[in-house]
Amino acid sequence: MNAALSWRDQTGSPTALVDCDPDFMIDSVLGHYRIVSKLGEGGMGVVYRARDQVLQRDVALKFLGAALAGEARQLLLREARAASALSHPNICTVHEVGEAGGEFYIVMELIEGKPLNTSVGDGGLPYESVMRYGVQIAGALAHAHGRNIIHRDLKSSNVIVTPEGLVKVLDFGLARRLVAEAQDAGTRTMDTLESAVTTGGTLSYMSPEVLRGEPGDLRSDLWALGVVLYEALTGQVPFHGRTTFEVTAAILREPPPPLPVRIPPGLAAVIQRCLAKEPALRYQRASEVQAALEAVQSASAVSEPSDQRGRTTTVHRGIKHLKVNSGDVVLLVGTMKGVFLLRSSAQRGRWDVAGPYFHGQATYALVYDDRAGRHRMWASTVGMWGAFLRSSDDFGRTWTNPQEAPIRFPAGSGAVLKNIWHICLGRPTDPNVMYCGVEPAALFESHDDGETWSLVRGLFDHPHRPRWMPGFGGLALHTILLDPENPQRMYAAISAGGVYATEDGGRKWQARNRGIRVVHLPEKYPEFGQCVHKIAMHPARPERLFLQNHWGLYRTDNHGDTWQDIANNVPSDFGFSMVTHPCNPDCVYIVPIESDEFRCTPEGCLRVYRTRNAGESWEPLTRGLPQKGAFETVLRDAMTTDSLDPAGIYFGTRSGQLYGSADEGKTWKKILDGLPPVVCVKSAVVGGDRIGRAPRNAKKTVSSKRRPPREKSRIRRKR
Amino acid sequence: MPVTFVLPGLLRSFAAGKSQIVIEQSSMTLAEALEALWKLYPGIRDRLATEQGEIREHINVFVDNEDVRYTGGLQTPIRDGVEITIIPAVSGG
């Protein structure tokens, strides 16, 4: 007679049922329960759907598969009976605990749902769901703890979620007690731990104090709750390893790996506190966890939902993210200590601020790439751990963090990448092409969307290169301009090397600095060696470039063959930043700086200067900008325009202020202050619904004959 | 006897969150121990070393309590059982 049959007539031998084929149990009758089908099988035993033939309802019947005797048996029964007294909407009701054939079984409420561990998946659940579940689990624990019942084996497979989102916690006080007693309550060793893992698969949820052999208390349940919530959010338990030893070591000593950025900081903080190694540092009651989760829940109800996942590996805590809609303007602000993102509607009156991303690292280069339907932001980061190129396709929620630095000088070149100063997108017809200008001065190109990069040897092997000299900020190739009409022509600006151009796609490069004066060499008009701070081009006039030199403002009308001085009535021709108007090719913005020695705005007045006639004359734009005691510096990439009409102009200062104008510079507003020193400001109009308009004065040549006499006396120059 | 690497916070995100990595290999130089480390966790290499294979300027590596700058750099011999600690320098602005 086999054991299954012995259950049918309840007279057979007490052979361990778990040794039998569980399917034999189908149709067996145990007391007034008829077993209908198998529901599942876990480390602790087999669960069946059974029919209560007295009350005419379906129940779940679980065999615990362990034989106990004496005091342990009494203890288990006492505890199980106490657990069966629990009545709470989030606790699976235990109808009966019994013993038959030497084995314990539990008859409990049948729940139509899925264990949490089976619905988590690799990427975790949306945090809104996790908070809802967390509140219910904490509520269940609070109810049980209030009746002196500790779960002792809370894990995601013991949490069932119904299709309506109702949580039911299973097996209060039972399973772990069984294991512990079965293990003879001896000294805890690696062997007993191994055994616990094999039997229950629950090592991942064990608290440090339980691992140390202490009895554990309700706070051990709160630890397990932290593990369950962490796992639900990320798809992984916080402490893992290949061996029991590794897992144990991680639980005892390692901090949990940081949660992904999409998780609200409040929720992350609750989990972190549940996972404090010392019980005294955790929440002391489940009701506290429940209250904390409810508080986070109500706080996040007013913030935007997020279920976006990334290819990310970067995690920072405490970051706010942007919710960006089509038509919005986004500002990308790189500082010495991280990136901030700002968003506004096209009115550009109010700004939401997100960040800081890349906490503690400097970002000199940012760009928004909307070629080929992307919404990608690129950023370069630099710190003591090196310089890396990162991207985000979800407006900063997640960023790539390449294992290997993709931009690297070839072995044997002797050069070491110090910083990435400029990220330049290829032409719209080449949506997978990108360029980077780096320090030490070199150009890198990618033809596969930034995945792999190669050094442009034509420029790196240029005979001039050994004689380029670092400027104050280092020897950097900081600006790359592509000729929109000639796909073979591009420009590179190097400080201090000067302007170089190629006419054959990068194989050969020529210095193009004729007419640009230097102050740091005995020869005033050398072929190269100029300390160019910025060059700018309007796509409607690709033959014309503007240039802000270390000292001097220049324009070329012939692709850089010759340059002419355009420093007409500006307070100083020293400066760093220079941008062209998005529509008007004769309109350029600069921020004059007093001198190379005193790198601040002249006379303590923060003034943007604008020309609308390609440099024949300049006008100060000051409405809304501080005109007293404002000793500011605007660095070379810290000014930008947007592509709306009227154009928005934005700039950041080394003192951490961000200013903007929504009317082409007529009036200014401080958007933000208190930032780390701003090194880079870029803009994006999201969604491609740009308000286009024909370039004003396109192709109109500015005649040098019409230039007014220079007001040299008002111009601070170094000659 | 294994050699243990002790990682600072930033590198842990490239080592599955671990602060200590044990390498089962004996009789080697620091360069070989590092090779073994980033064979396990490739993301660590480019954070710790430049593309020319040198340890980055502001990163200090200690074998037990000795700064490897004074013990032979990457050729520092690694005895069994030592701890190799990677710590960012006190620098920056």
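Me: What makes two residues count as being in contact, and how many does each chain bring to the contact?
Reply: Two residues are in contact if their C-beta atoms, placed from the backbone, lie within 7 Å, and by that rule the contact takes 16 residues from chain A and 17 residues from chain B. This is a predicted model, in which local features need pLDDT of at least 70 and side-chain atom pairs count only at pLDDT 80 or more, while totals for chains, interfaces and linings use all residues. Residues are numbered from 1 along each chain as its sequence is written, and chains are lettered from A and ligands numbered from 1 in the order in which they are written.

Me: Why is helix α8 of chain A called largely enclosed?
Reply: A residue is buried if 20 or more other C-beta atoms lie within 10 Å of its own, exposed if 12 or fewer, and partly exposed in between; 17 of the 17 residues of α8(A) are buried, so the helix is largely enclosed by the rest of the structure.

Me: What puts the buried residues of α2(B) on the same side?
Reply: The buried residues of this helix, residues 30–40 of chain B, are B:L30, B:A33, B:L34 and B:L37. They cover an arc of only 100 degrees around the axis (taken from the directions from the helix axis to the C-beta atoms), which puts them on the same side of α2(B). The strands they pack against include β1 (3–6) and β7 (83–88) of chain B.

Terms used
Helices (H or I, at least four residues) and strands (E, at least two) are DSSP runs, numbered from the N terminus.
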